[in-house]
Structures are given as structure tokens and as C-alpha cells.
Amino acid sequence: MNELKDARASASACSSCAQKAGCSKKAGGGCASASSLFAAAEGGAQAEGQAAEKGAALEKVLSRIKYKLFIMSGKGGVGKSSVCVNLAAALARRGHKVGVLDVDLHGPSVPGLLGVANVSGLEYEDGGIVPLQRGNLSIVSLHSFLKDPDQAVLWRGPKKSSAIRQFLQDVHWGDLDFLLIDSPPGTGDEHMTILKVIPDVLCIVVTTPQEVALADVRKSLSFLRTSGARVLGLVENMSGLFCPHCGGQIDLFKKGGGAALAAAHELPLLAEIPLDPATVRAAEAGKTLLEMFDTDEIFEPGQMVETGKPLDAGEMLDAGQNLDTGKALDAGEMSGARKQPDAGAMAGSAPRPSACPACSAFVKLAEAVEQACFAGQYRVL
């Protein structure tokens with residue numbers, strides 16, 4: 001049997017050799033061309049075997065994760081990382097086991113937002129990486145492997161793709177209900193790698209309402225259409241600002257751009273998340289919004305900060321009205337600053353509880369994502 005294989009190999013080697021016409025040697029017996037061909041064939045077989053082993057290992061890891069969510073956007077600065085970690089926290093609060101993978105290799109934000117930026121190095125156990133644990137959250141980011149947090153990562157495509165594969169197949173993710181994958185802006189190597197190695201990944205596209213963001217997000221949707229990816233829906237982030245004094249809404253970046261884009265592509269708008277000063281405080285503290293507020297402090301937009309009750313028509317103040325009286329400001333009030341209470345009044349006043357309109361939006365986003373995943377409601381563009 002071996003002789004037959006050798007004969008076939010010899011014939012194949014000779015037939016492909018450019019010097020076969022004037023050669024008196026049999027393939028293999030001192031023939032350099034045949035020897036190099038055999039070496040290449042053996043190396044190719046070994047590479048194929050290794051690739052098959054890695055593919056099987058990756059498939060085994062992914063089979064233990066029920067739902068893989070890819071948080072992406074063509075535009076930078078729309079709040080992908082914030083949406084990722086706060087959605088992860090909201091899903092974890094609903095009792096799910098959740099993992100967060102940060103594939104923004106050049107600018108990882110997840111560790112800082114989750115308060116683990118000071119943890120350097122990850123433990124290895126049974127030949128694999130042990131993710132950082134924070135409650136129900138398992139976290140992996142390249143940031144944890146950097147000796148200097150300010151060190152730039154100078155990697156080209158193949159190395160980035162290899163790192164992402166390793167973060168998936170060589171990490172002890174265990175049994176997860178959801179794995180949320182935070183991504184960099186654009187549609188580059190990281191995005192193509194994720195869509196290739198996780199065929200059933202569900203994409204959540206984040207945008208802000210204004211046209212400068214929507215223009216780049218349309219390119220992301222075009223990329224997803226070309227890739228045949230599964231899209232769960234859109235999220236409009238920074239969707240208005242609710243005044244902490246009166247509950248009125250201020251459309252700083254317009255509003256409704258995400259809804260219009262979702263309708264144009266026949267995609268669900270999963271949530272409209274308002275701008276909230278609490279988001280900055282939470283990020284600086286390394287906490288999620290839901291960790292910063294108790295459930296009784298998560299008010300719906302349009303509720304009074306002091307009472308949590310819905311505002312009536314008299315309480316919804318228009319621009320140019322005095323916050324104390326609700327009456328129109330006169331010329332003196334318009335030109336001068338609002339009168340401040342004296343020190344005694346401030347000392348005797350009760351502290352006012354905080355409200356978090358964004359918390360309510362993330363709770364609703366988690367519910368929408370959970371329902372869509374359980375029902376298999378996604379769309380291939």
C-alpha cells in the first residue's frame with residue numbers, strides 16, 4: 001500500500017517538474033525538485049491538521065455560548081462601548097451569565113468602564129486564559145495584557161485576526177447565555193474576523209441621531225448586507241437630554257435619525273438611549289449605570305426628580321420660564337444669573353435623589369434584546 005502511495009507521489013512529482021524531459025532520476029532518489037515538493041506537501045498537511053484542530057476547539061467553545069452579540073457602528077464616538085457594558089449589566093441583572101469581549105485592540109475601553117483597568121495580566125488554567133470576573137460578568141480585553149496602559153498596539157490585519165481567534169478559542173468562557181463583543185469603529189479586520197469565525201453572531205448597530213453619524217452607519221449596514229450577517233436591530237444613542245430640573249427634553253443632536261434609518265432598512269429600533277450626565281460619572285467610577293442607581297431611583301423620562309411622579313402640564317416648563325415660579329422671565333432675569341439660595345437655605349434643604357433616564361432605557365434594551373434572541377427575530381439584509 002505504501003509503495004502504491006510512493007509511486008503515485010513520484011508520478012505526480014515528475015509530471016509537475018519543469019526538467020522532466022532530460023531527467024534520468026526517479027522522483028525522490030536524489031531529485032531536489034521532488035524533495036522540495038514532498039516537504040511542501042507534508043507542511044501543507046500539517047497546517048491543515050492544525051487548522052482543523054483549532055476550528056474544532058473554537059466550535060466547542062462557541063457551542064457553550066447561547067447568543068453572541070456584536071456591538072458595532074461605522075462611526076466612532078457614538079457610544080458603542082457604553083452601550084455594550086451597560087447592556088451586559090442589564091442582561092446580567094436579569095439573571096443571565098454574560099461575557100464581554102473587547103476586540104477594539106487599538107483603543108480598548110471596556111476594562112475602564114467596568115473598573116478593571118488596573119488589573120494587568122490574566123491567569124492561565126488548564127492551557128487556557130481565565131477571564132476577569134465581575135459579578136455575573138466575564139471580561140477579556142487586550143488591555144489586560146499590556147504592561148504599559150499607554151502603549152500603542154501596532155498590529156496589522158493577520159495579527160489582529162489571530163488575537164481575536166485566540167480570545168475566543170483559548171479562553172475559558174464556560175457556559176454563557178450572552179457574549180457581547182465590543183468593536184472599534186469602521187468595517188475592518190476585526191469586524192470581518194468576527195463575522196467569519198462566528199457565523200451565527202447577531203449584530204446590534206449603534207448610531208446617534210445626527211446625519212454625520214448616520215452617513216457612516218449606512219456604510220456599516222452595507223457591509224453587513226455584503227457579508228450576509230444577521231442583524232438584530234439598531235440603537236439610537238444620545239437620543240435627547242432630559243433636564244434634571246424639570247424633566248423636559250432637549251434634542252442636542254436632533255432625535256429620530258436612528259428610527260428613520262431603521263425603518264428604511266426594515267430593522268427594529270431596539271432602544272432610544274438619552275444623554276445622561278450619570279453616564280459620565282459611572283464611566284469615571286468604573287461602574288455601570290445600574291450599579292450607580294437603586295431600582296427605585298430609575299425614573300421614566302418625564303418624571304419629577306424629587307417625587308418620581310409624572311409631570312403635569314404646569315410642571316413642564318418652557319424655555320424662558322423661571323424655574324422657581326414657572327412665570328416668564330423679565331428682562332432683568334434674562335440678563336442676570338438665576339438667584340442662588342443663601343448658605344442657610346442650602347444647609348437646611350434636603351438632598352435631592354438622582355434620576356437616571358438612561359438606566360430605564362438600558363433596562364428596556366435588555367428586555368428587547370432578550371425577547372428578540374429567544375424568538376430568533378433577526379434580519380439578513
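Start by selecting helix α6 (residues 189-197) and α7: their axes come within 12 Å and cross at roughly 35 degrees. Those axes are lines fitted to C-alpha atoms, for helices over the stretch in contact, with angles from 0 to 180 degrees between N-to-C directions. Helices here are DSSP runs (H or I, at least four residues), numbered from the N terminus.

This is a predicted model, where local features need pLDDT of at least 70 and side-chain atom pairs count only at pLDDT 80 or more, while totals for chains, interfaces and linings use all residues. Residues are numbered from 1 along each chain as its sequence is written, and side-chain values use heavy atoms, with hydrogens and water left out.

Now show side chains: His191, Met192 and Leu195 in α6 meet Phe223, Leu224 and Ser227 in α7. Contact means heavy atoms within 4.5 Å.

Pick out Leu214, Val217, Arg218 and Leu221 of α7, which touch Gly257, Gly258 and Leu261 of α8.

Then go for the largest nonpolar core: of its 88 residues, Leu69, Leu224, Leu365 and Val369 touch the most other members. Such a core is a set of buried Ala, Val, Leu, Ile, Met, Phe, Trp, Tyr and Cys residues joined through side-chain atoms within 4.5 Å, buried being under 20% relative accessible area (1.4 Å probe, protein chains only). Color helix α13 (residues 357-375), which supplies the largest share of this core, nine residues.

Last stop, Leu69: leaving aside neighbours within four places in sequence, its contacts include Leu91, Phe178, Val201, Leu232, Val369 and Cys373.

Key
Helix = DSSP H or I, 4+ residues; strand = E, 2+ residues; numbered from the N terminus. Buried < 20%, exposed > 50% of the residue type's maximum accessible area, 1.4 Å probe, protein only.
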